Amino acid sequence: MTLKNAINFFESLKAESSKKSEIKVYNEFIEILKKLENRTFTTDEIRSIETELERLNLKSNLENRKKHLKQALNKFKKYLKETLYLTTKGHYARLYGSLGLVFGLLFGVAILSNLERSLGISLGLIGGMVIGSIMGRGKDAQAKEFGNML
């Protein structure tokens, strides 16, 4: 499936659907595909992307199309990250923010436990999320600088 065919496919699904959650998935796919279409790739990379789109089996008529396409979107993002080193906007901010929450929780329980327990956990979560988000935004800016962001 070529990038143009995939864009047309998702545009037609978007026109047919009335559910906001489905339209959100379609729009995200369309946005990624259009950004890929505007980039310069070698013929091998283009062939690889088209093969991956075929492998995702997007045109299958399943009962739960939204779930299938959401999983396909996640697989496609993972493929782009691992193969072409391309990430979407805010990828690292979300990743580092969630890691910050985990480490903030551990910090709050282990270190700030001499405060009231719920206060220590709350401060640890907030601090971890803030620090993780700041680090993630820096990593996103670095990816954009190197041209690895869609």
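In the predicted model, the residues F9, F10, Y26, F29, F76 and Y79 come together as one aromatic cluster. A pair of aromatic rings is described by the distance of the centres and the angle of the planes. With ring centres required to lie within 6.5 Å of one another, the count of aromatic pairs comes to six. One of these is the pair of F9 and F10, which is edge-to-face, with 5.2 Å from centre to centre and 70° between the planes. Both members of this pair, F9 and F10, are buried. The pair of F10 and F29, by contrast, is stacked, because the ring centres are 4.3 Å apart and the planes stand at 15°, an angle that falls under the limit of 30 degrees set for stacking. Since F10 belongs to helix α1 (residues 3-16) and F29 to helix α2 (residues 20-38), this pair ties together parts that are 19 residues apart in sequence. F10 and F29 are likewise both buried.

A further arrangement that involves an aromatic ring is found at Y92, where K139 lies over the face of the ring, at 5.6 Å from the ring centre.

Turning to the pockets of the model, the largest pocket has a volume of about 160 Å³. Its lining is made up of K77, K78, L80, K81, L86, T87, T88, H91, R94 and L150. The elements that contribute two or more residues to this lining are α4 (65-83) and α5 (91-110), and of the elements it is α4 that gives the most, with four residues.

Among the lining residues of the largest pocket is T88, which is situated in the loop between α4 and α5. T88 has a relative accessible area of 15% and is therefore buried, the limit for that class being under 20%. When its neighbours within four places in sequence are left aside, T88 is in contact with I32, K77, R94 and M149.

Technical notes
Residues numbered from 1 in each chain as written. Predicted model: local features only at pLDDT ≥ 70, side-chain atom pairs only at ≥ 80, totals over all residues. Heavy atoms only, no water. Phe/Tyr/Trp six-rings, centres within 6.5 Å; stacked < 30°, edge-to-face > 60°. Buried < 20%, exposed > 50% of the residue type's maximum accessible area, 1.4 Å probe, protein only. Lys NZ or Arg CZ within 6 Å of the ring centre and 35° of its normal. 1 Å grid on protein atoms, 1.4 Å probe; cavity = no way out; pocket = protein on both sides within 12 Å on 5 of 7 lines; lining within 4 Å. Points joined across faces, edges and corners; volume = space filled by probe spheres on them. Contact = heavy atoms within 4.5 Å.
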